[in-house]
Amino acid sequence: MKKTMKFSILSSGSRGNACYIETGNTAILVDAGLSGIEIERRLASFGGSPESLDAIVVTHEHSDHIKGVGVLARRYNLPVYANSETLKHGEKTLGKLPSVIPIQTGETLKINHLSLETFTKCHDAADPMGLVVSSNGVRIGLITDMGRSTRLAEDRLRACTALIMEFNYDPTMLSEGPYPLFLKRRINSSEGHLSNEQAGELLETVSHGNLKWLALAHISETNNDAAKALHAAETILSRCGLKETRILVGKQDEASPLIEI
């Protein structure tokens, strides 16, 4: 019997990010930017548990992605996969880890039944990574915290069965919003985040007839609106003729259901 893949966006936004992915007898967290207790609670919301985890994979060192990594790793003796620059720059927040598996951005690694392709992306972190997690021909692309698309990212994401993609901000809301100018410039820069329009352009580039799920991630609570992000995504999917692709809106304050692909 062919094993399916499942995923849940445990949290997505500037106050914390974490994603759960499983297949067969393998389960991982990609980032853990909430407290350990909160991640435990959100896993339990769909019947998951930290005891079932095989690893935590860290995409970059910003606190909204690593806040709970150290405590979970120590509490459940979990190996942490990260590149050396991420480990170096996140050392203070991560603390002493029970097991570290150093990786190089660009390599493909195996965690039991899961294969993880890593690739570099444009963000103002030390060595940020995008991911494609796959098993039995099913591929989940995870790309958030990226200031602009690249040909490399597009090549990696083209054949994905599901995409977890950032629709971070609406340019008008960002421009007219309360953030200080330096922060607006950072978000809007090529090392910042993707706007709804930029995310839509990337989606149009990598869309294909076998795209089953699109998850909208890292939607800013201040500089965006879920309805705007959803409209941008729906417009592109309609333009591409992808009427069967289902859309999930990742939330900051609650885990999504466990989605089976």
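Reply: Helices (H or I, at least four residues) and strands (E, at least two) are DSSP runs, numbered from the N terminus. By that numbering, S8 is in strand 1. The model is predicted, so local features need pLDDT of at least 70 and side-chain atom pairs count only at pLDDT 80 or more, whereas totals for chains, interfaces and linings use all residues. Residues are numbered from 1 along each chain as its sequence is written, and side-chain values use heavy atoms, with hydrogens and water left out.

Me: Why is S8 called buried?

Reply: Buried means under 20% relative accessible area, exposed over 50%, and partly exposed in between (1.4 Å probe, protein chains only). S8 has 0% relative accessibility, and therefore counts as buried. Y20, at 3%, is buried as well.

Me: Which residues is S8 in contact with, leaving aside its neighbours within four places in sequence?

Reply: Contact means heavy atoms within 4.5 Å. With those neighbours left aside, S8 is in contact with A18, C19, Y20, F46, A255, S256, P257 and L258.

Me: What makes Y20 and F46 a tilted pair?

Reply: Rings of Phe, Tyr and Trp (its six-membered ring) pair if their centres lie within 6.5 Å; planes under 30 degrees apart count as stacked, over 60 as edge-to-face and the rest as tilted. By this rule there is one aromatic pair. The ring centres of Y20 and F46 are 5.4 Å apart and the planes stand at 45 degrees, so the pair is tilted. Because Y20 lies in strand 2 and F46 in the loop between helix 1 (36–44) and strand 4 (55–57), the pair ties together parts that are 26 residues apart in sequence.

Me: How many cavities of 30 Å³ or more does the rule give?

Reply: On a 1 Å grid over the protein atoms alone, a cavity is a set of points where a 1.4 Å probe fits but cannot get out, and a pocket is an open set with protein on both sides within 12 Å along at least five of seven lines; lining residues have an atom within 4 Å of a point. Grid points are joined across faces, edges and corners, and a volume is the space filled by probe spheres set on the points. The count is one cavity of 30 Å³ or more. The largest cavity holds about 120 Å³ of space. Its lining has 15 residues, with N17, A18, C19, L142 and T144 closest to the centre.

Me: What volume does the largest pocket have?

Reply: The volume of the largest pocket is about 240 Å³.
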